Structure formats: structure tokens, C-alpha cells
Amino acid sequence: MSSYITLSYFDLVAASLFLVLNAVFSILLNLGLQRQLLIASLRMIVQLLMVGLLLKAVFAAASPWITLAVAIAMVTFAGREIWARQERKIAGIWGYGVGASSMMIAGTLVTVMALTTQIEPSPWWSPQFALPLFGMILGNTMTGVSLGLDTLHTTLYRERTAIEARLLLGHSRWEAVMPVTRRALRSGFTPIINAMAATGVVSLPGMMTGQILSGIDPQEAVKYQLLIMFLIGGATGLGVLGAVFASVWRLTDERHRLRLDRLSLAKG
Amino acid sequence: MLDIIQLRTGLVGPVDLSLAQGECIAILGPSGSGKSLLLRAVADLDPNSGDVLLNGRSRNDMPAYQWRRLVSLVPAESGWWADRVAEHFKAKPDMSEMLKDVGLPDALGWQVSRLSSGERQRLALVRALQGGPQALLLDEPTAALDEASTLKVEEIMQRQLERGVIIVLVTHDPEQAGRLANKRITLKDGRIIDMPMTAA
């Protein structure tokens, strides 16, 4: 028996009323948030409607190449997002490359593993399974990587005198930046650790909620959610580790110098 | 012997200098003339070209961290990476003696955040000395110190010179240069504008 309830567009409009109320408060209290709220809402509406149409077409086409093209587009966009979320970035192509490639390698590895050995749809790249899964893994990895890199670059810059003091006392570059590296890794890992610790008690994860709302047995939904959380946690960890260490490698050199000249300036 | 050969970094150089054991050279010159950058280049802390040799051995023949243990730079602004002073020092028996020499016998138990700039400067010098470097690159080591502390630091430098340590001293104080250095040069716009002069 399916208890799936179809939503009408009127239901959606009604659901957005509270968001409109927030905008009204923003105007009344002179918070200046109404413009951002409006733009973010409009972006979300357009993006999701478009993605709904796009996914429908991609699922119908059932082509590995189209699936791959969509996956590449997702990585490109997420890579740009990582780049944009850092206050201080590595200058040049490296600024994009370090974050995007770490995220891509970690996300692809974990997604392909899950598709070929755990979920096993037929064919394994079936867009209906591959793309949502890849999207969820990529989205979380993106958050972790951008937080890790942002913390790393900001802290390296702020702590440069202390790091150089260690270098001058004869520490290697890895020893000298270790406290900063550790802090960056912790910052990249924190969201996923918090999400795992709080899930099920404080909040029901969005995906699971969606499944339950569309009539799936809660126990089955939980199994899927656990699978997803393991995959997300694994990919985020790998992505953050890869990105932070690659960035440390790039921002120091083989003569054990701190190379902050390879970091672009923060925008005022 | 410390030999600096055709050393360039950014707009500084080329600089050639040669110092024998126990010699002290004072580098004078206006702010922004490249004195600190020159010291950083000798310590190989910034990208640079040219070569520096200690007792005939090029720094390129060893890892940079090994070089910096032999040729130790104490920057004008000292860096601290832990909360307590003691965490920045190796536990060595002669440590308390050296701390007494700079007038800070109890400093190991202190918190870094509560140090004055003069205390930081003196502790940074002791910290650099505990590795037993053969050459010291000192960037305005007494800039934040009163007269009494300055004399104490100069005494320590004098003792290092007597032990054969080579000192490259950046200072704004010509009198200090006169007290400690047997050579002096003046840097302007990254270049030496006089010949290394041997003090009387």
C-alpha cells in the first residue's frame, strides 16, 4: 500500500507564508535581510524546478554519457562554491584545483564503491541512483572541504609569526604547521561529526523524512539513511584530509619555508 | 666562516659578505632598506638566489631545518605557538642559567600572553641560543629594551662572540654597533652603499 500524498502548487505557496512573514519582520525591524531572503528563495525555486525537469530528462535518456556530464557539471559548480567560500584562497588555478580535485576524488570513489557493491542498481551508473547519491555526498564533502581550507588559510596567515618561529628553530614544515593543520582538519570534520551525533535524536535527516513522508517503511528508510551517512562521513573525511594536506604542501616549499605569497589577499 | 655569495631576494641584493669566527657585523640603514629581508634570505626563510656557506659547507647541501639550527635568526617580532613559556624551550640544565643572564629567572612558568615585548625579545634570544647555533642573525635584538636589559643582552652577545659564534646584527643604534661589531655596512634600497668597514 502506498500512502504517498501528491502536493499541489497551492500547498507550496501556503508553506512559504511563514518565510514571507520573516521578510515582513525584517522590513519592520529594519534588519535588511528581506532582499537576501527574497533572492535566496527565488534562486531555490528556480534551481529546484529546473533540476526537477533536468532529472526527468536525464532519467528518461538513461545514457552513461549524459549521466557523466551532469556529474561533471555538479563537481564544477561545487568546486567553485568551495573556492568562493574561502576568505583567503591559494592564488591562481591551485585555488580552485586543490579543493575541487580533493572533493571530486573522494566523492567519486565513495559513490562508485556504493553503487557497485552496496546499492547495485542495474546498470550501476543508473542516473536515478547515481546522481542523487553523488549530489548528497558531494554537497557534504563540499561543506567540509571549504570549512577546512578556510580555517587553514586564515589561521596560517594569522599565525605566520609563530609558524616561522618554529621553522627558525629548526622544525620541519610539517612540524611547524601541525597545530594549524589539526585545527583545519577539526573544523572540516565538525559538521559531519555533529550531524552523525545529533541525527535521530535532535533531527530526522531530510532524506529519511522525505522517504517516510512518501510512504516508505521507517526501518527501511533508516537503513538507507545509515548507508548515506556512512558514505557522506567517509567522503567528507577523505576530501578534507586530501584538501588540507595538499594545501599545506602548496603553501610551504621543499626548503621548509612558509609561502604565504602563494595566498591571495582577503577582500576588504 | 660565514660566506654570503651573490645573495638576492626580491629587491634586495646582490650582497657579498665574508665573516670569520667570532666576528660581528652590524647592518645599519633606514627602515625599509632591506635589512630584515637580508637576514631572512641568509636563513633561507624567503625565496632567494645565491649561496651562503658555513665553514665551507653550502646550505643547499643540507635540509633547511638543519641549516637554521646552525645559522639561527631571531626576528624583531618573536613568534610563540603555545600558551606557556616553558613549552617553547627544551628542558636543558643550563637553561635557568641563561634565563638568569637575561634577568628572567622565573619566566618558564609564565604565560606567553602576559609577556611584555621586551620580555619576549629576551626570551626569544635565549630560545635561539639553546640549540647552540654557530652563527646568529639578530634583528634589532634590543629595540624594546631599557638600558639595563640592553646591557644584559649585549653581554650575552659578547660571550657568544668570545665562543666563536658569528653575529650579524641589524641595529638602528650606531653606538651599539660600535660596542659590539668589528665590521659595519649600511644598506640602502637593498644594496650595500659602503665597503665593509673595520671598526677601530
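View 1. Axes here are lines fitted to C-alpha atoms, for helices over the stretch in contact, with angles running from 0 to 180 degrees between N-to-C directions. On the α3(A) side, look for A:Leu55, A:Val58 and A:Phe59; α6(A) answers with A:Pro127, A:Gln128 and A:Leu131. By class, that's five nonpolar, one polar and no charged.

A quick word on conventions: residues are numbered from 1 along each chain as its sequence is written, while chains are lettered from A and ligands numbered from 1 in the order in which they are written. Since the model is predicted, local features need pLDDT of at least 70 and side-chain atom pairs count only at pLDDT 80 or more, whereas totals for chains, interfaces and linings use all residues.

**View 2. Helices α2(A) and α3(A) run roughly antiparallel.** Here α2(A) (residues 17-28) packs against α3(A) at an angle of about 155°, with the axes 8 Å apart. A:Leu19, A:Asn22, A:Ala23, A:Ser26 and A:Ile27 of α2(A) meet A:Gln34, A:Leu37, A:Leu38 and A:Ser41 of α3(A). The tally for this contact is five nonpolar, four polar and no charged residues. Zooming out for a second, chain A has 10 helices and zero strands. Helices (H or I, at least four residues) and strands (E, at least two) are DSSP runs, numbered from the N terminus.

**View 3. A:Trp124 sits in the loop between α5 (93-119) and α6 of chain A.** A:Trp124 is partly exposed, with 15 other C-beta atoms within 10 Å. The cut-offs: buried means 20 or more other C-beta atoms within 10 Å of a residue's own, exposed means 12 or fewer, and partly exposed is in between, with C-beta atoms placed from the backbone. Skip the neighbours within four places in sequence, and A:Trp124 is in contact with A:Leu115 and A:Thr116. A:Pro64 is 60 residues away along the chain, yet its C-alpha atom is 9.7 Å from that of A:Trp124.

**View 4. Chain B shows an open four-stranded sheet in the order β2-β1-β4-β5, with antiparallel pairing.** Strands count as paired if DSSP finds at least two bridges between them. The edges belong to β2 (12-19) and β5 of chain B, each pairing on one side only. Helix α1 (residues 35-42) of chain B packs on the sheet, where it touches β1, β2 and β4 of chain B, and its direction makes about 115° with that of β1(B). Inside the sheet, β1(B) (residues 2-9) and β4(B) (residues 49-54) are antiparallel and joined by five bridges; B:Ile4 has B:Val52 as its bridge partner in β4(B).

**View 5. Strands β4(B) and β5(B) form a hairpin with two residues between them.** The two strands, β4(B) and β5(B) (residues 57-58), pair in the antiparallel sense over two bridges. B:Leu53 finds its β5(B) bridge partner in B:Ser58. In the turn, check out B:Asn55, which has a positive phi of about 50°.

**View 6. B:Val42 is among the residues with the most contacts inside the largest nonpolar core.** That core has 98 residues, and B:Ile27, B:Leu137 and B:Leu169 join B:Val42 among those with the most contacts inside it. The biggest giver is α6(A), with 11 residues. A nonpolar core, by the way, is a set of buried Ala, Val, Leu, Ile, Met, Phe, Trp, Tyr and Cys residues joined through C-beta atoms within 7 Å. Beyond residues up to four places away in sequence, B:Val42 touches B:Ile4, B:Leu7, B:Val52, B:Val71, B:Leu137 and B:Val168.

**View 7. Chains A and B meet through 15 residues from chain A and 17 residues from chain B.** On the chain A side, helix α7 (residues 160-168) gives the most, with seven residues. That side has six nonpolar, five polar and four charged residues.

Key. Two residues are in contact if their C-beta atoms, placed from the backbone, lie within 7 Å. Ala, Val, Leu, Ile, Met, Phe, Trp, Tyr, Cys and Pro count as nonpolar, Asp, Glu, Lys and Arg as charged, and the others, Gly among them, as polar. Angles under 35 degrees count as roughly parallel, over 145 as roughly antiparallel, 65 to 115 as roughly perpendicular and the rest as oblique.
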